[in-house]
Amino acid sequence: MKLDIILSGVGGQGILSIAAIIGEAALKEGLYIKQAEVHGMSQRGGDVQSNLRIASQPISSDLIALGGADVILSMEPMEALRYLPYLSENGWVVTNTAPFINIPNYPEVETVWNDLRSLPHVIMLDAERLAKEHNVPRAVNMVLLGAASPILGIDFDKIEQGVRRLFARKGDAVVDMNLRALACGREAAHQFMAERRDK
Amino acid sequence: MEEKLLLLGDEAVALGALHAGLTGVYAYPGTPSTEITEYIQASELAKQRGVHCRWCTNEKTAMEAALGVSYVGKRALVCMKHVGLNVAADAFVNSAMTGTNGGLVVLVADDPSMHSSQNEQDSRFYGKFAFVPIMEPSTQQEAYDMVVSAFNLSEQVGLPVLMRLTTRMAHSRAVVTPGPVREQNPMSFPTQPADWVLLPVNARRRYTTLLGQQEELEQLSETSPFNGFHEGPNKRRGVVACGIAYNYLMENYPEGCDFPVYKLSQYPLPKQSLCRMAAECEEILVLEDGQPFVEEQLRGVLPTPCRITGRLSGALPRTGELTPDNVKQALGVPNNKAMAASEHVVPRPPALCQGCGHRDMYDALNRVVREYDNYKVFGDIGCYTLGALPPFRAIHACVDMGASITMAKGAADAGLWPAVAVIGDSTFTHSGITGLLDAVNSNANITVVISDNLTTAMTGGQDSAGTGRLESICLGIGVDPAHVRVVVPLPAHMEEIMQTIREEIEYKGVSVIIPRRECIQTLKRHAKEARNKKSNEA
């Protein structure tokens, strides 16, 4: 197997935690992993991305080539669009629809959503609203990871185990909260895909 | 240890150094090198062994302390970002002149594409300049293995070893299998003590010795396990792939490359192997991240009419980091079909955090200086460099660590008024203190703002060397006590801060204003740590 993921968002939205959980799950599966991160100046409210590559064969490049990503997983809708040139022809975009507006010239959010809706393979969900509704407001990134789980090709229980391991030292309550967030994201994604099929 | 670990390149270096019997790591935080020291600071093994891991004031003090560790026979690692080596250069170049006793590895993380830096200088030039061996890993596993080898090599040849990472190696994670853990060295003193006293008479002797070692170092490159010639049937082209460039090359040839490939991870340049490749191939393509270090040297070395291509020839972009895509183009491999970018994407530049004290400082400063005609504000390196961007547009220069004070002084010497310097607390202790002394000695008419957030914020909130002592440092240097003013940068204090700035600009001499309020990122972290501690106790 080979899975190349671009994680994107705005500094501080927690994309590195998503990467860490997928990485944990892959490590336990005995897969090869490379994950390039962004640290430093760009973390201050700027756009951030991480290239996560998982494969059953050794991986050479730390970075994903243009047109090479199987999935763009984004905490922010405009940030999902930023990396479209990296998406492969049959690639998926899984994105939070809630905009993070910290710049004066943020585009009309409806135009951003329309661009996303026009993609052949997309899962869109308001992860922030879902997190609030399910009483897990601090686990928005886990809602998004749950939403991506149907298309990642990694067993869902392996992802759950990754969550357990990553948050174990923070206690059972934190683990449970993140597992609930994961489940509600997964359910929302299934629902979104079903509705899109019916249209 | 059988366990496989998922480590950043930086963390792999740190673990390798610990397992190689490290006695101390010496560093000033700088992206992308910071996580090496942080990993050692958090390591249980380092705690058990009492490995020194406190941050240093700057890269020069770090380099010199590490050389002191080496002097007494123990192993030291010194870490910095590429521009940090400019600060440490005097000590670094001369550490090759003294030679080393215990293993000394100088780890420098370059930042091609300038993700978090003001230039993309290539540290390999410094290694060549100082006549020391250079290593650059291509994988995280190699980074771990290489730092162990680098310590051994350093002790074998009696020289510091420069180990070079680039951003993508430093900040990319992969699986690493650790090796055995070695004991630390016992204390021992140099067998040739005069080598360490670089009086001209000794230095001349040492320089001859150092130059005489170069052939041996080149032979060690030829036989290094990190270098290697991979045969290929297609002699139309040979590829020299340096460090991480090897990955971008092999990404295109999962079944093996049909061109001959030389994987280059240890220098000085193994000329014999490269001449052999040149004799066989019509062209040599040099893939290297950073500047054309190998390509330039090859042009002077190869005896054959072989064509050399790379960054200088235009086969690869002259600036910016290597990517899978520009390497594909250089190899003539077609790029993947890619979707067009959406026209609804706009840039999202980094910005000062909401609630950050630097914001209030700039707000006040802007309001006051705009009352004057010919003011200039000289900035410095840190989060507050973002004050150059909208909405503040508050600074007119940012060059190198500490330059705000000295540039303001120079401009004031030349007649500028008001000449204002803005510098952070950590940058002030790194390289601002000596400049302030110059300003005091010539009674320069400058206003220095030391924006004190009690941490080294830009790199993630490391300790700042002068916390709690900034006023006494300024007074000790000789700034008039009436003109060392402390304010709390909050919107509620705007009038007071503006009045203070106005008074100190009007004062004809050196004045220092210290707006002091903790970085809101470290404030949040400290609050969280306190909460966790409380809940653990409960």
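The structure is a predicted model, in which local features need pLDDT of at least 70 and side-chain atom pairs count only at pLDDT 80 or more, whereas totals for chains, interfaces and linings use all residues. Residues are numbered from 1 along each chain as its sequence is written, and chains are lettered from A, with ligands numbered from 1, in the order in which they are written.

Chain B is assigned domain 1 (5-212), domain 2 (228-331) and domain 3 (357-522), with bounds that come from an automatic or database domain assignment. Between the C-alpha centres of domain 1 and domain 3 of chain B the distance is 33 Å. Contact between these two domains involves 9 residues of domain 1 of chain B and 10 residues of domain 3 of chain B, two residues being in contact if their C-beta atoms, placed from the backbone, lie within 7 Å.

Between the chains, 39 residues of chain B are in contact with 42 residues of chain A. On the side of chain B that touches chain A, β7 (172-176), α11 (245-250) and α14 (324-331) of chain B each supply at least two residues, and β7(B) gives the most, with 4 residues; helices (H or I, at least four residues) and strands (E, at least two) are DSSP runs, numbered from the N terminus. Strand β2 (residues 32-36) of chain A runs antiparallel to β7(B) and is joined to it by 3 bridges, with A:Ala36 opposite B:Ser172; strands pair if DSSP finds at least two bridges between them.

Helix α4 (residues 59-71) of chain B comprises 13 residues and reaches 18 Å from its first C-alpha to its last, close to the 18 Å expected at 1.5 Å a residue, the expected span being 1.5 Å times one less than the number of residues. Among the buried residues of α4(B) are B:Ala62, B:Met63, B:Ala66 and B:Leu67, where buried denotes 20 or more other C-beta atoms within 10 Å of a residue's own, with C-beta atoms placed from the backbone. The buried residues of α4(B) pack against β2 (22-27), β3 (75-81), α5 (82-98) and β4 (104-110) of chain B, and just after the helix B:Gly73 takes a positive phi of about 90°.

Elsewhere in chain B, 5 strands form an open sheet with parallel pairing, in the order β14-β15-β16-β18-β17. Its edge strands, β14 (376-378) and β17 (484-487) of chain B, each pair on one side only. Strands β16 (residues 446-451) and β18 (residues 511-515) of chain B are joined by 3 bridges, and B:Thr447 stands opposite B:Ser511 in β18(B).

Methods:
A residue is buried if 20 or more other C-beta atoms lie within 10 Å of its own, exposed if 12 or fewer, and partly exposed in between; C-beta atoms are placed from the backbone.
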